[in-house]
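Student: I have a model open and would like to learn how to read it. Can we go feature by feature?

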Amino acid sequence: MISVSNVSMRYGAKILFDDVTITFINGRRYGLTGPNGSGKSTFMKVLTGEIDAQKGNVVRPKKIGILRQDQYAFDAYRVIDAVIMGNKGLWAALEERDAIYSKAELTDDDGMRLGELEGIVGEEDGYTAESDAAVLLQGLDIPDEFHERKMSELQGGQKVRVLLAQALFGNPQALLLDEPTNYLDLDSIHWLQDFLVRFEGTLITISHDRHFLNSVTTHTADIDYETIITYTGGYDDMVVAKTQIRSRLESQNEQREKKIAQLNEFIARFAAGTRSSQVTSRKKEVERLQTTELARSNIQRPYIRFDILRPSGKTALEFEGIQKSYGDQTIISDFSANVMRGEKIALMGRNGLGKTTLIKSLLSTSPDLAEKDFTLDTGNIKWGHEAQIGYFPQDHTGMIEHGLTVSDWLHQWDPKVTKEEIRGILGQMLFRGEEGLKPTEALSGGETARLLFCKLMLQKPNILIFDEPTNHLDLESINALNISLQRYEGTVLLVTHDHDLIDEVATRIWHFDQGAIEDFKGPYEEYMNATSAAR
C-alpha cells in the first residue's frame, strides 16, 4: 500500500496538483492518467522518493520496483546482474558475500558475517536469482545470448526492456512503472499485460497505450482540475465517469446561477420597499447558493483530419521480389505484394525484424522520401497512378529545419495557402495563438510529432506511411489519430505496436517473423482467430 497525504506541487503560477490525499491499495492496479504536462511523471517521482513534494508526505512499502529512466546507469554491469539489482537487499548481500570470499584468509568475524549473508540470500531467493532473471528477460524478448553481455553493448530499446525486467524482479510489494510499453513490440506488451494482471501487490503505471490500460488496470487515478481523482475501472471507464461527473457539476452550477439571478432580481426590485424581511432572506439565500468556480481541465484534444487532394489509381502500389540484407543477415527475403487503393495495412512483428526496413525499401524509389545511403538489394517497386505519399518516420531527427517559426516552417510546404489557413491547421493540432511563433528548435518530441501531422494535413496525400507515430503522443492525440485513420479515404501503411490502432484501423496485416512476411488479407481480429486455429 502507498499512502499520500496533503501533497502539493506547483511550478511558478502553474498548479499541477494541490493538497492531494489518496491511498493506493494493495492488490489494485492503478493507471495514472492526464494530458502531457499535467504532472504524471512529477507525481510518480514523488511516489518513488526521487523528488520531495513541496507539501505533504508519502508512506511507501520497503520493497518497490521502479522502472528506471536512465538507460546508461548500468552500462558497466552484465545484463543478468542489472536485472538482479532490482532487489537492492539481495544485490547488496551478494556483493558483500563475494567481497568476503575474495579475501586471501577469512577471520572468525568473516565466517559469522557469511552466515548472516547466506541467510539473506536464501530469504530473497538468491540461489535462483539468475534463472528467475532469465525468465523475465526471455519474456521481454532479450535472448539468452545477451544475458552475459555488458549493458553497454545493448541498443536503447533493449536496455529499456532490461530495466523493465529489473523493476519486475524480486517480488516487490509495489510496482511504479512510467511508460513501460515504450520500445516494446506487441508480443512483449501482451506478455507484460499477463504478468501485471497476475501481480498481487500495488501497481501504479503511466501509459499512453489505451488498450494496455484497459487490459491491466482496475482503477484510474486521473490528474486534472489541479487535483487527482480516483475512478473504478480502466481508462475508458474513467472517461465515461469523468464526463458524467463534470456534466453534473456544470449543470448544478448552471441551475444555481439561474436561481441566484432570480433572487437578485427580486432584491433589486424591492430593496427600497416594504418587503425588507423578504429581501434579507433572499440575500442570505444568495450567499448560501453562491456557485463554486470549477477548476478548468488541463485536457486539450487535437482535431486530426487527413483529406486527399485527388485519389490514386486503383492499384496504389505493387512490388516484387524485395530483398534486403545487412552483412550476412537477411532482413527481408523475396517479398511481393499488390496494395489496392483504400487498403490500410498494419506492419506487425517483434522489434528488429524488418518493418522499418520494408518501409525504407518501398520509399527508395521516391526521390523526396528515400533515405540517404539506403540501397535495396533486389526488387521492383511501382507506385500507382497519381500516387502522392505522406511519410511520418520513426526518427524525427532533422525532419524539421531549425531557425524558423512553427508557422513559417509549415507554410513553406504550400506557399499558396493563406496565413489564416495555416493558423487554422496549427490550431487543430494545439498550436494556438502565440505558439505558432514558437521557434522550431524549441519543440518537444510531442510538438514535433503534431507539427509533422500538420504538414500531412496541409499536403493532403492519397497514401500515408506511418512508422511508430504514437511514440511521443498523449492518449488524447492517439485517439484523435485513430479516428482520423479510420475515416481517411486513402491508402495507409502503418507500423505500430498500439493494439487499438491495429485492431480498429487495419484491414490487412503484414506479419514479420525471422525474415519471412505473412500477408493476411483481413483485419486483426480475423488474423488472430486464424492464427489461434492454426496452432
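Tutor: Start with the whole chain. Of its 535 residues, 49% count as buried. Keep in mind that this is a predicted model.

Student: How many helices and strands are there in the chain?

Tutor: The chain has 17 helices and 18 strands. Its C-alpha atoms fill a box of roughly 100 × 85 × 50 Å along the principal axes. Among contacts in the chain with a separation of 6 or more, 68% are between residues 24 or more positions apart.

Student: Next, helix packing. What describes two packed helices?

Tutor: Two values do: the angle between the axes and the distance between the axes. Take helix H5 (residues 129–139) and helix H7 (residues 186–198). Their axes come within 9 Å and cross at roughly 130°. Angles over 145 degrees would count as roughly antiparallel. H5 and H7 are therefore oblique to each other.

Student: Which residues of H5 and H7 make the contact?

Tutor: H5 brings Val 135, Leu 136 and Gly 139. H7 brings Ser 188, Trp 191 and Phe 195.

Student: Now empty space. How is it found?

Tutor: A probe the size of a water molecule is rolled over the atoms, and this shows where empty space is left. Here the structure holds one cavity of 30 Å³ or more. The largest cavity has a volume of about 50 Å³.

Student: Which residues line the largest cavity?

Tutor: His 208, Arg 210, Leu 475, Ile 478, Asn 479, Asn 482, Asp 498, Asp 500 and Leu 501. Helix H15 (475–487) and helix H16 (499–505) each supply at least two residues of this lining. The largest share, four residues, comes from H15. The lining divides into three nonpolar, three polar and three charged residues.

Student: Is Glu 179 buried or exposed? And why does Lys 460 count as partly exposed?

Tutor: Glu 179 counts as buried because its relative accessibility is 14%. Lys 460 is at 28% relative accessibility, so Lys 460 counts as partly exposed. The cut-off for buried is under 20%.

Terms used: Residues numbered from 1 in each chain as written. Predicted model: local features only at pLDDT ≥ 70, side-chain atom pairs only at ≥ 80, totals over all residues. Heavy atoms only, no water. Axes fitted to C-alpha atoms, helices over the stretch in contact; angles between N-to-C directions. Parallel < 35°, antiparallel > 145°, perpendicular 65-115°, else oblique. Contact = heavy atoms within 4.5 Å. 1 Å grid on protein atoms, 1.4 Å probe; cavity = no way out; pocket = protein on both sides within 12 Å on 5 of 7 lines; lining within 4 Å. Points joined across faces, edges and corners; volume = space filled by probe spheres on them. Nonpolar A, V, L, I, M, F, W, Y, C, P; charged D, E, K, R; others polar. Buried < 20%, exposed > 50% of the residue type's maximum accessible area, 1.4 Å probe, protein only.
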